[in-house]
Amino acid sequence: YLLHFAAWKHRGIYITGNALVSAAGIAIIWWLPLPRNFQTGVTSALLVMFAAALNPRWHGVFRIVPKELICGYLFAVGCSLNVGFHTMDASVGPLSPEVLLMALLFALNCVAIACYERKTDAAADPNSISQTWPGIVRLYPALLVTFGVFAAFVVPRSIDPELILLTAAVTLMAWIWLGMGWH
């Protein structure tokens with residue numbers, strides 16, 4: 001975050017920082033006992049992002065996926081894989097249902113923050129989802145309802161405590177969203 005939003009005007013710090021962070025990320029990914037295809041995919045993504053950092057003309061090219069969604073996924077991977085490694089749970093992986101559901105929850109939270117701060121982001125953060133996809137502000141309540149309906153369909157058919165907790169969290173987010181008048 002600091003490299004991309006605070007140091008981007010200082011080219012030397014920006015490039016050196018990106019090189020160090022990319023190298024550290026690649027080293028950690030290959031050190032961890034992750035599936036080889038995941039390691040290769042993450043390494044490729046880091047190298048593409050580093051190449052984009054080196055070439056200022058590429059800065060707008062890679063905005064296919066909003067940063068709020070990437071943040072939600074990376075946070076979920078970071079939270080869940082550590083637990084999976086310590087418990088030796090072979091079913092937990094970067095694309096397991098638990099990780100993807102947590103990523104969706106975290107991404108919905110990031111989108112809610114971006115929607116709430118859309119006026120501030122208009123001046124300070126042109127990369128916010130509320131700026132790159134302005135319709136998300138109207139669409140966000142429908143996203144919450146859709147996730148809630150999905151959870152209501154899945155939870156009665158499952159006894160997974162993760163699904164029940166995720167459903168409760170999304171319901172709480174919906175109440176906060178509607179109660180605070182952010183829409």
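Read along the sequence, the chain follows the pattern α-α-α-α-α-α-α-α-α. The structure is a predicted model, and it holds nine helices and zero strands. Of the chain's 183 residues, 33% count as buried.

**The chain as a whole**

- Among contacts between residues at least 6 apart in sequence, 53% join residues that are at least 24 apart.
- The chain exposes about 11600 Å², and carbon and sulfur atoms supply 73% of that area.

- Helix α2 covers residues 11-31; its 21 residues reach 30 Å from the first C-alpha to the last, close to the 30 Å expected at 1.5 Å a residue.
- The buried residues of α2 include Tyr14, Gly17, Asn18, Ser22 and Ile29. These residues cover an arc of only 130 degrees around the axis, and they therefore lie on the same side of α2.
- An α-helix has 3.6 residues a turn, so residues three or four places apart point the same way.
- On the face of α2 turned away from the buried side, the exposed residues Ile13, Leu20 and Trp31 are found.

**Serine 22 within α2**

- Serine 22 belongs to helix α2 and has a relative accessibility of 9%; because buried means under 20%, serine 22 counts as buried.
- Apart from neighbours within four places in sequence, serine 22 is in contact with Leu46 and Phe50.

**A nonpolar surface patch**

- Val65, Leu69, Ile70, Leu74 and Trp133 form a nonpolar patch on the surface, and together they have about 440 Å² of accessible area.
- One of the patch residues, Leu69, is found in helix α4, which spans residues 67-87.

**Leucine 166 in helix α9**

- Leucine 166 lies in helix α9, made up of residues 161-180.
- With a relative accessible area of 8%, leucine 166 is buried, because the cut-off for buried is under 20%.
- When residues up to four places away in sequence are not counted, leucine 166 touches Leu101, Met102, Leu105 and Phe147.
- Leucine 166 and phenylalanine 147 are 19 residues apart in sequence, and their C-alpha atoms are 9.8 Å apart in space.

Methods:
Residues numbered from 1 in each chain as written. Predicted model: local features only at pLDDT ≥ 70, side-chain atom pairs only at ≥ 80, totals over all residues. Heavy atoms only, no water. Helix = DSSP H or I, 4+ residues; strand = E, 2+ residues; numbered from the N terminus. Buried < 20%, exposed > 50% of the residue type's maximum accessible area, 1.4 Å probe, protein only. Contact = heavy atoms within 4.5 Å. Expected span 1.5 Å × (residues − 1). Arc of directions from axis to C-beta. Areas by Shrake-Rupley, 256 points an atom, 1.4 Å probe, with all protein chains shown as cover. Patch = residues over 30% accessible without salt bridge, like charges linked within 9 Å, V, L, I, M, F, W, Y side chains within 5 Å. Salt bridge = Lys/Arg side-chain N within 4 Å of Asp/Glu carboxyl O.
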